[in-house]
Amino acid sequence: MENILKLAKKVAEEAEVFLVSSKETPVGFEANRLKMLETSESTSVSLRIIKDGKIGFSTTTRLDDPQALVDMAVETAQFGAEAKFALPTAQAYPQIEVFDPDVESVAIEHMVEMGKALIDRVLSHTPELVCEAGVAKSEGTVHILNSRGGEASYRKSFFTIGIEGTLIRDTDMLFVGESDSSCNPIREFREMADAVIEQLELAKRPASVPTGKFPVILTPKGVRSALLTPLALAVNGKIVVEGASPLVGKQGELLFDERLSLWDDATINYCPASRPSDDEGVPSQSTALIARGVVAGFLYDLQTAAIAGAKSTGSASRARGGMPTPSVSALVIEEGDTPFEDMIRDIKEGLVIEMLIGAEQGNVLGGEFSGNVLLGYKVENGEIVGRVKDTMVSGNIYDVLKGLVAIGSEAKWVGGALKTPPLYLPSLAVASKG
Amino acid sequence: MAGIDEIRQQIHDALKGQDSDYIEVRIEEREASRIQYRGRELEDIGRSTSLGGNARALVKGGWGFVSFNELSGLREKVALAVKQARLVGRGRAGEFEKGEESKLSPVAPVVDVVAPKIKKDPGAVPLARKKGLLDEYNEIIWDTPKIQTSVIAYGDSRRSVIFANSEGSYIKQTKVDLSVRLMVIARQDGDVQQVALSMGSSDDFGFVEGLHQEVKEAAQRAVALLSAPQFKGGEYTVVLDPVLAGVFAHEAFGHLSESDFVYKNDRLKDIMVLGRRFGGKHLNIVDGAAIPGLRGSYKYDDEGVPATRTYLIKEGVLVGRLHSRQTAAKMGEEPTGNARALNYRHPPIVRMTNTLIEPQNVSFEEMIADIKEGVYVKNWYGGMTSMEMFTFSAGEAYMIRNGRVEELLRPVVLTGNVFTTLENIDAIGNDLEMNQGGGCGKGAQSPLPVSNGSPHIRIQKCLVGGR
């Protein structure tokens with residue numbers, strides 16, 4: 001790394017080297033049985049330079065030819081975007097725990113046993129279910145070094161377990177599943193198995209809903225499925241600085257339900273989305289996005305913050321060593337005061353939605369979501385009566401989050417990047433076969 | 001470090017004497033460049049290179065897979081894959097009295113070098129020219145009033161893969177891939193509307209050079225959407241243009257034909273039994289990498305199996321499916337050369353290549369003539385499937401009234417159920433077109449270059465979302 005930086009400084013005003021390496025060991029089950037063991041090791045190095053005020057960028061998995069990496073970055077810099085930021089100097093980073101040495105020491109045999117036990121527990125409820133499951137451990141290091149003396153490095157461990165079951169009866173297919181991830185080893189999976197069993201129970205009977213407008217409860221998974229993408233785009237500093245977010249210029253305005261608070265947090269210990277530093281070496285923080293319904297902030301990296309006249313929120317991320325870009329780490333929606341059961345009891349006719357497919361294919365920038373209900377239940381007179389199918393729901397986050405009926409009293413992590421309670425929406429457009 | 005060409009002997013040595021039913025090694029070298037505009041600003045211009053590989057081994061029905069960037073110590077990496085496979089094989093054997101046999105469909109070993117057939121090589125086009133073209137398109141976008149911002153993303157890559165297995169195959173294939181994505185965003189007051197285009201090629205930079213008209217129309221349409229009415233959801237007669245009908249073929253049926261999903265589920269095998277009727281006599285759906293010159297085309301798949309052209313549905317009846325060597329062996333069918341891996345970090349899985357609905361003889365005018373109230377949907381925005389139920393979203397939607405295409409609507413998402421929607425196709429056009437903009441995702445492997453195509457088709461009673 002030092003060598004790349006030295007070579008780059010010879011030809012550019014500023015330079016930054018980003019090195020990421022990881023080792024991952026997943027265990028995979030298919031059709032209820034162990035199928036594959038994997039070991040993946042990868043390393044990549046990226047170079048960002050500022051030459052004549054412009055940004056050049058290159059990346060490679062080959063560590064043997066630093067000069068080639070520098071040459072590629074120089075070639076692109078002649079056409080590059082104007083650098084509006086300064087790389088960070090030496091910083092103090094917050095103490096955030098994201099590495100647990102116990103992850104590495106979990107034996108492969110134990111991971112195999114866990115996967116088997118998880119599948120067996122679910123199968124004991126529904127023997128004809130066909131399950132895929134995965135248990136994986138991984139460990140990685142990130143190291144950032146720049147020409148202004150900035151340097152950040154950390155180790156991170158990661159453990160994940162998940163199950164997906166398919167139940168086929170005639171031409172009817174039911175998909176159920178749960179997953180969990182952490183920087184600590186996960187030892188307890190019974191709760192996950194029981195959640196899958198509950199899905200199987202609730203989906204046992206078919207139910208239908210007519211075309212029309214109905215109240216809808218989004219479970220935490222339902223919130224992710226329907227709302228996460230349009231929300232994450234709306235608060236992304238990149239979308240904001242180009243004026244494409246509907247929230248542009250609305251900072252300080254009350255646009256959402258007064259009980260709704262949303263923030264992004266990269267500082268929660270042992271959360272898979274946490275880290276002491278972002279991918280540009282800016283210290284991590286918690287950033288308020290919606291506070292009591294008021295638009296409170298946006299997520300920036302160095303370049304977008306400079307354009308917006310703001311400060312980086314430590315939100316720079318790089319997909320596989322690519323260019324940094326602002327991105328959510330873990331979104332958290334604050335808990336309300338209504339138990340899930342009370343929400344159900346309140347509905348005369350409506351839906352509970354766990355999972356949509358295709359919801360992210362519409363005008364997500366405009367806040368819209370429209371998807372087929374992959375897993376969802378009909379509520380009649382305060383009770384869940386069965387599973388709905390061949391049903392589409394459509395809405396817009398700027399309408400539905402304006403006036404919520406209630407916010408759930410129990411928030412849950414969904415996939416390591418969102419923690420949310422159930423949300424009870426007054427009305428969504430429903431279209432169904434019938 | 002040794003380049004990809006000096007590696008044949010190393011692979012040979014690494015495979016020798018390993019105690020496994022089957023082993024394969026893939027080594028991959030890739031060079032790519034990309035340019036991305038966001039609004040008026042060039043956001044990202046970069047180049048990348050990568051070199052990596054993997055070893056996959058099969059022992060008593062269990063697989064081991066090891067991927068790496070560092071090519072040295074190849075023999076130890078292969079040995080690790082074998083060790084893992086043995087562990088899985090033993091774990092599986094524990095569930096049975098005698099253990100299990102490894103089953104792979106027999107394929108003759110191949111030694112071959114496949115060079116790409118390129119009309120105009122993106123690798124030979126200077127970065128300045130690529131950027132210049134994007135500048136031209138950006139000018140067109142910014143000449144359109146009410147445009148808030150836009151994204152133009154260009155990417156090209158050249159990828160060489162060496163495949164060798166313990167049966168004596170040694171294949172080197174080189175492929176080029178090109179893609180252009182465009183998104184135009186219009187805004188008025190709080191309303192934001194977007195239009196996206198996605199295009200690609202496997203052999204011709206020339207296609208990137210003539211997009212001026214398409215770009216102009218996309219920009220104008222984004223603005224027009226600001227004043228387009230909301231659509232009321234429900235069941236409608238819909239007519240799909242060739243691009244969207246191609247996505248429909250891919251989502252509605254293609255994924256269900258991937259037999260890695262079918263082979264392990266006995267109930268599904270009963271449903272997907274060859275000979276089952278899914279649609280009318282006019283319906284033929286084909287997939288094949290042997291169809292030349294498209295983004296999903298190749299000579300050998302990532303298990304070294306020669307590409308084919310496979311009828312999935314012929315005259316409305318299920319007649320075939322897509323296989324890897326393992327799924328073909330387990331189902332007692334012929335391998336089709338559809339095992340593909342996104343890159344060296346992943347094992348090959350069953351994937352589509354070029355998927356299409358074959359043309360019939362109905363003209364577009366005939367197709368819409370007797371529709372009293374319906375929707376004409378064009379262009380691709382996205383698609384997704386859960387196998388039984390699928391969604392696909394249209395880039396453009398228009399009302400059809402009394403046989404005429406009328407006003408532009410806000411974008412719509414359509415949904416269907418594979419067991420009823422294919423039957424509801426009641427007209428297939430005569431104007432087959434292939435769309436090369438697709439990138440298919442399955443598991444963690446996305447986006448894989450594929451192409452889809454179809455003539456115009458009409459579907460009765462299709463569920464369309466709306467507010």
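This is a short talk on two interfaces in a two-chain model, one inside chain A and one between chain B and chain A.

Okay, hi everyone. Before anything else: this is a predicted model, so please keep that in mind throughout.

Let's start inside chain A. The domain assignment gives domain 1 at 2–200, domain 2 at 205–228 + 335–432, and domain 3 at 229–261 + 278–329. On contacts, 19 residues of domain 2 of chain A touch 16 residues of domain 3 of chain A. Together they bury about 1500 Å², and carbon and sulfur atoms give 65% of that. On the domain 2 side, the residues losing the most area are A:L228, A:L365 and A:Y398, which together make up 37% of what that side buries.

As for secondary structure, α5 (220–234), α9 (397–400) and β18 (406–407) of chain A each supply at least two residues to the domain 2 side. The top contributor is α5(A), with three residues. By residue type, that side has 13 nonpolar, three polar and three charged.

Now, over to the chain–chain interface. Here 87 residues of chain B are in contact with 79 residues of chain A. The buried area is about 7100 Å², with 54% of it on carbon and sulfur atoms. In chain B, B:R47, B:M389 and B:R467 lose the most area to chain A, yet together they account for 10% of what that side buries.

How many salt bridges are there between chain B and chain A? Eight.

Which strand gives the largest share of the chain B side? That's β2 of chain B, residues 41–59, with 11 residues. The chain B side as a whole divides into 34 nonpolar, 33 polar and 20 charged residues.

Stay with β2(B) for a moment. Strand β3 of chain A, residues 54–60, is joined to β2(B) by three bridges, and the two strands run parallel.

Methods:
Residues numbered from 1 in each chain as written. Chains lettered and ligands numbered in written order. Predicted model: local features only at pLDDT ≥ 70, side-chain atom pairs only at ≥ 80, totals over all residues. Heavy atoms only, no water. Domains from an automatic or database assignment. Contact = heavy atoms within 4.5 Å. Buried area = accessible area lost by both parts, 1.4 Å probe. Helix = DSSP H or I, 4+ residues; strand = E, 2+ residues; numbered from the N terminus. Nonpolar A, V, L, I, M, F, W, Y, C, P; charged D, E, K, R; others polar. Salt bridge = Lys/Arg side-chain N within 4 Å of Asp/Glu carboxyl O. Pairing = 2+ DSSP bridges.
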